[in-house]
Structures are given as C-alpha cells and as structure tokens.
Amino acid sequence: MSGKLFEYAPAPESRDIVDIRATYGLFIGGEWVDSTGEDHHKSINPATEEVLAEVAFATAEDVDRAVTAARQAYDKVWGPMPGRERAKYLFRIARLIQERSRELAVLESIDNGKPIRESRDVDVPLVAAHFFYYAGWADKLEHAGFGPAPRPLGVAGQVIPWNFPLLMLAWKIAPALACGNTVVLKPAETTPLTALLFAEICRQADLPPGVVNIITGAGGTGRALVEHQGVDKVAFTGSTDVGRQIARSVAGTGKKLTLELGGKAANVVFDDAPLDQAVEGIVNGIFFNQGHVCCAGSRLLVQESIAEELLDRLKTRMATLRVGDPLDKNTDIGAINSAAQLDKIRELSQAGEDEGATRWSPPCELPERGFWFAPTVFTGVAASHRIAREEIFGPVLSVLTFRTPAEAIEKANNTPYGLSAGVWTEKGSRILWMAERLRAGVVWANTFNKFDPASPFGGYKESGFGREGGRHGLGAYLK
Amino acid sequence: MTAEPIALDRQGVDDIVSSAASLRRFLHGLPGVDQVGAQERAARLATRSIKKSAKAEAIDLAISMVDLTTLEGADTPGKVRAMCAKAAHPDPSDPSVPRVAVVCVYSDLVAEAVRALRGTGVGVASVATAFPAGRAPLDAKLADTRRAVEDGATEIDMVIDRGAFLAGDHRKVFDEIVATKQACGDAHLKVILETGELVTYDNVRRASWLAMLAGADFIKTSTGKVAPAATLPVTLVMLEAVRDFRAQTGRQVGVKPAGGIRTTKDAIKYLVLVNETAGPDWLTPEWFRLGASSVLNDLLMQRRKLTTGVYGGPDYQTLD
C-alpha cells in the first residue's frame, strides 16, 4: 500500500440525475405560479457556496391564495373522499419517492450539505416509510382510538426546518393527508429544493390540485401562514424562540397547534456499558447530520469511573471521521447548512473555551469554500456553562461526568428542554429505572437517533408539545 | 493516538491466568458487546465506496493476504501441488500480481506443499489439533502439531476446545493453547475460535482475549466447516479485541477471518473494517489474512478488469 494509510479515492455520487431550475415559483392549486411580490432568495450549496436556484418569497397575498386553494380542495375533494381512496394517493406518492430516491437524496445533499450516505440511507428511506405507514392508516381511522368517527381538521399550515427538509415534510404531510386534511407547507428558506421536487411528485401522482400547496419564503411568509384566518391547524418544527412566537399568535384562535422545538439531550453512559457501541452511539448522537438534529445527544453524561477510558476511545474514533464533500459516498460529516448557523456554532464554541472547558478536535482538513466545522468535543464542562445549556445545533459535544444513577438523572433533567435522551448500560433494570425518570419524549437504550414511522416523537417542556409519528401522530390531525 | 503506558505487563497477565477464578473474572469483566450496535457498525462500514486507485491497491493487498486453502477429505498430493503453483503465481499471464501469503492444508500434506513452494516465498500453514472439531486427546493434538512443524509448516492453525469454553472451563482452553504454542516452536500460531459455535459476540470477545493471553500470534474466526463462518460483525469484535490488547500489553496480534469470503467486494469490506477499527498498522499480510479459496479468482478477475477495462470471463481463471 502506498504510504501507511489506506486512502479511499474520491467516490462522488453523480449529480447529473438532478435537474435544478434557475428559478422556482410557488406550487399552489396544483400549478406553478409566480409570486405576487418581487422578493427572491438564492438557495446555495453550503459545501461550495454555489448558487443553486432562485426561489420566491411568498407574500401575504400568496399565502392567502394557497390557503384558499387548500380550502377548496378540502371542501370539494379531499375532505369528502373515502379513506381508502386517499390511501391510494399516499401509496402512490410513497412508491414514487422510492423510484426517485436517488434524485431526492442527491438534491437533498446538494441543498442541505448533509452527506449522501445519510440522505441515501436514512432520510429518503424514512420519507418513503412515513408515507407508506400513514397510507395504511387512511382507511382505518375509526379504529385508531380517536372515537368512532374522527373528522379531519381542515387546512393545515405547516412550517418546517432546514435540518431534515424532506423528512420533516413527510412527518407533516403524510399524517395530515391520511386524516383528510389539506396542507400549505413552507420549507425553510435555505433548503426549499426537495420540497419543490416533492411538488412535482404530487403532480406525477395525480394528487388532486390544492391538496398539497408549497410556498417558499422566510420568517415573514411563515408568520403570514400561521396567522392566516383560514388555517385550522398549525404544525411547526424549529427553534424554541419561533415556537414561542407561534404559540402566542395562535393562542385564543381555536387553531390546533403542535410544536417540535429544540433539545439538549443527555446521552448517559454507565460504567457497565458496551463501550465500543457506546462510542458509536455517542458519535451517531452528536455528529449525525453535522449535529443539526433537534434530538442530538449533545450532552454526554459519563460515569466518572470510566470517563477517561471512554474519552480516549471516543477521540480515537473521532479521528476516523471523514469530513468533506457531501456527495462523496465515504463522507461522514458534511457541510454546515448556512453561514448564519456556522457563526452560531463558532460563537458558542468560543463561549465554551472562554468559560474554561477544554476543546478538542481531531486533525482534519476542511475545504476552503463553503461552511465547515470540525467535529469538536469539550471536556471539563460544568452544568452552568453555556455549552451545557444552550442548543448549539452543530457537531459539538459537551462532556460532563456523574457518580451515581440518581445524579445522572438529576443532571440529565436539569435543562429547559426534554426531547430525547440515551442510556447505555448492559443492565436491563437500570434502563427501565432511567427511562421512568428521564423527562424526555424519547429515551433510547443502547442506541441513539433511531427513527421509525410507527414510533411517536415529541418533547417535554420547552421542546414542544404534541406527537408526530405512530398512531399518536394521527391525533394531531383529527377532531 | 499517543502511545499509552502499558497497563497489562507480564506480571499482570500471570496474575490473570494464575487461577481459573481470576481468569474467569477477567474475561467476564471485559466490556460487553451490544449485538445490534456491532452489527449496525459493521453494516455501515460495508457501505464505504472503494473505487479506482483505492480499489486497485485494495485488490493487490487482498491477494497478498490470502491464505489459499484446501481442507477436504479428498485432498491429494496432486491437488496440493496444483494449488501451490497457483499460490506462487496467481495469474501466470501477469507477473505483477503479488503472490498469496500462505497455502493452508491438512497436516499430512505439509511436506508436499513445502516441496512445491520451495523458493517461492509462499509459506505453508497447517491446520492441526484435530481440526475441525478439536475433539481428541491433548497428546494427539500436540503430536499433530509437532509433525506439521517438523515437516516445515511455518504457521499452525489450531482449533480451541469449544466444548470446554462453553462449559465455562476457560482454564482448559487456555492450557491447550499454551501447550500448542510450545509445540509450535518458531512456527506462528493462529487460534481458531469457531465463532459460529460460540454464537454470542460476548463469547467472541472473551475467547479472543483468552487466546491472546495464552500467546496466540493470530486469532482466526472459523474452520470453514461450520455455518456461519466469518462475518463482518464477528471480525469487527475481534479487531476491537486485538486493538485493545495491543493498547494494554504492547503486543500486536493478527486477525484472520476465514470462510464465506467469496468476492472482491467481500474482501474489500474486510479491509475497510481493519482500516477503521484496528487501524492501518494491521493492513499488511503480517497482521491480517483472508482464509479463502474461491475469492482469489474473483480478485484476479476484478484486477484484470481494472487493468484492461473488460471482464475476462471464468474460463480465463485457472480453477486450482
């Protein structure tokens, strides 16, 4: 072998399969229409800063058009349609997603910066699985435990984040449609392209016009959508700050609301944990999707007696992470989604250093263009440090130690958030003991960041309310 | 990482193996292996995409790591000679193809193989100790081993007593390995765990440590006579064991998956596993081997595809 290392030659996935238009309008009433406003936004590839396309910023008037189209489709077509007929459309969409999975995965990686390994092996398969899963529910709603004749809510206004653009779309649209609602969805301004491709898939599936409307834009468009009088249900995934504003504006209107917000999950490793797999779980917990995961295991709580050994193993493992071109099939960590997010990660990491925590990153060469941040671990973190309390939403891990299970619980729950948690131990009884006491919507045992359409997902406290996924997820779209 | 101070010196090892109870305590004190997690990690590494120059290098490396094996009741001197010729010159039309590491035969055919391979640089490995079951008196196992070494075997592939291991008699397994190692003299000792019979990854990790503490130069997954033979997760667990063993004792032990490795793709998956688990120090024939026979032809076919751009078809590969 030349040199000592087994160098993997670049293995880029071809981007020829995707066809990105120069400009995109809005998808309203089954048609592509121009925005009534002049504002545009350039969606860029965060790995290269190359401009991918110009997308419209929908105005309040555009939002009104979209809600009106959704209302008409709800009243005339989708609401009255029997569940078994709705199911056919959802199954068709699910199959089209599978057929066009490579295209969707490549586009997602280009627009978001996530490695193709993740968009190909995690995001897109889960997207298809969600549509298949909820397609199965569409004609069985009366058996779902929401009364003998549950009714849809009407028009759902849905606002989704940039970290899993297509997957969050699926989490929102699939249950809404299965229950008989129509939707107006606004993807994040930095990652609109897969949602716009999904609009094409809706056309390909002959979905009746107006059942799914996709409008692009930034915060203003989102506000206009959630505050629109014609919206019966608001579903939002994103930051806790915006979630608070939405809760305020929706209060007293009679609109139903589900919020899936931030997190600062504890990943708790006991001294009897399967160490090699725990290291994998820690890596997967915080470096999966560049740490742009609301349920990321961003706080590692490790039992003091094994802290040193575990950290040695973790650092050795981190040195093998491959950071770089998201389209390279061997990339483990891709690009940070935006310059703004990169600034935030840098600022909080600097705060970690300033507050006295010890910062470490493996030697790794970052590309010159684009937005990049090396996988980072902070040791000697105190519970009072900002990096132990605030959501960083980047590949930055804060390590704290504990002595007893009770102390682990105390520290894990000592956060305003409560979205997820992890427990690593070979002792089954301790897993159950911990799961009972952890104030988090999801507790993973000896694994982390596992998702399944049949499993409900959602938070405690400032991580939001309502559940998405599983039978529980239907409840958010029925009355 | 930086070189760690040695945590387990000669005295430490002696203490561990001083009694059956302390040996058991040590082996059961090793961190557990989560089955789902280990399988997931192996599966994820199997998605690495090794192309172009990396593939070319990987193929040559894999060829040089092959323990070309025939272990049939029907083996004859003629069959062994033919295989030896192939081991020395895997592709007679292309002298740039590296030779394989060793040929691996039953102990009564060692002399034949040694004669056939003289001067080629290819070593001779012999299975011994009542391979594959290992169900024979220790005297017979040691006689088997000594004879193979006397006939010129440079490596001995022994099997452990799985019955004793599963019965919890770690000490017996340990003593047999020590005795066989002594009988080997200068020959390298590979210890076959027969992971398909140990079943759990916890057992695989304990048996790996047991073999290494007893002096194994290599740990090997399987005889090839029991299904499942080598798998990626089992090899992952063994690679973690040799990595940890070196970190604690300073002594490096090799790994050999055997059985079930048939294609170039399979072989490359194992190399990726080595690279990202134990590390590049193990990526030489001295420390990693592939126990297989049919994989060689596939490696040659893929190699020729890379150099000429076309597949030659099976008739262009010799069948020995």
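The following legends describe close-up views of a predicted model. Residues are numbered from 1 along each chain as its sequence is written, while chains are lettered from A and ligands numbered from 1 in the order in which they are written. In this predicted model, local features need pLDDT of at least 70 and side-chain atom pairs count only at pLDDT 80 or more, whereas totals for chains, interfaces and linings use all residues.

**View 1. The two domains of chain A.** Chain A is divided into domain 1 (23–261 + 462–475) and domain 2 (266–453), with bounds from an automatic or database domain assignment. Their C-alpha centres lie 29 Å apart. On the domain 1 side, 24 residues are in contact with 27 residues of domain 2; two residues are in contact if their C-beta atoms, placed from the backbone, lie within 7 Å. Helices α3 (101–112) and α4 (116–137) of chain A each supply at least two residues of the domain 1 side. Helices (H or I, at least four residues) and strands (E, at least two) are DSSP runs, numbered from the N terminus. The largest share of the domain 1 side, seven residues, comes from α4(A). By residue class, the domain 1 side has nine nonpolar, nine polar and six charged residues. Here Ala, Val, Leu, Ile, Met, Phe, Trp, Tyr, Cys and Pro count as nonpolar, Asp, Glu, Lys and Arg as charged, and the others, Gly among them, as polar.

**View 2. Contact of chain B with chain A.** Chain B gives 25 residues to the contact and chain A gives 26. On the chain B side, α3, α4 (52–65) and α13 (264–277) are the elements that give two or more residues. The largest share of that side, five residues, comes from α4(B). The chain B side divides into 11 nonpolar, six polar and eight charged residues.

**View 3. Helices α3 and α12 of chain B.** The axes of α3(B) (residues 35–45) and α12(B) (residues 232–249) come within 8 Å and cross at roughly 100°. Axes are lines fitted to C-alpha atoms, for helices over the stretch in contact, and angles run from 0 to 180 degrees between N-to-C directions. The two helices α3(B) and α12(B) are therefore roughly perpendicular to each other, a term for angles of 65 to 115 degrees. B:Ala38, B:Gln39, B:Arg41 and B:Ala42 in α3(B) meet B:Leu232, B:Pro233, B:Leu236 and B:Val237 in α12(B). Six of the residues in this contact are nonpolar, one is polar and one is charged.

View 4. A residue is buried if 20 or more other C-beta atoms lie within 10 Å of its own, exposed if 12 or fewer, and partly exposed in between, with C-beta atoms placed from the backbone. A:Ser420, A:Gly422 and A:Trp424 point one way from β16(A), and A:Ala421 and A:Val423 point the other way. Strand β11(A) (residues 266–269) pairs with β16(A) in the parallel sense over four bridges; two strands pair if DSSP finds at least two bridges between them. A:Gly422 is the bridge partner of A:Asn267. Four bridges also join β16(A) to the parallel strand β17(A) (residues 442–445), where A:Trp444 stands opposite A:Gly422.

**View 5. The eight-stranded sheet of chain B.** Eight strands of chain B form an open, parallel sheet in the order β7-β6-β5-β4-β3-β2-β1-β8. Its edge strands, β7 (254–256) and β8 (290–292), each pair on one side only. From one strand to the next, the twist averages 25°. Five bridges join β4(B) (residues 155–159) and β5(B) (residues 188–192) in the parallel sense, and B:Val159 stands opposite B:Ile192.

View 6. Most residues other than glycine have a negative phi, and most peptide bonds are trans. A cis peptide bond with omega about 0° joins B:Phe131 and B:Pro132; B:Pro132 is found in the loop between β3 (123–127) and α7 (138–150) of chain B. The bond from B:Ala227 to B:Pro228 is also cis, with omega near -5°, and B:Pro228 is in the loop between β6 (218–220) and α12 of chain B. In chain A, A:Glu49 has a phi near 65° and is found in the loop between β4 and β5. A:Glu49 is exposed, with 12 other C-beta atoms within 10 Å. A:Lys461 has a phi of about 50°, and with 18 C-beta neighbours inside 10 Å it counts as partly exposed.

Notes:
Angles under 35 degrees count as roughly parallel, over 145 as roughly antiparallel, 65 to 115 as roughly perpendicular and the rest as oblique.
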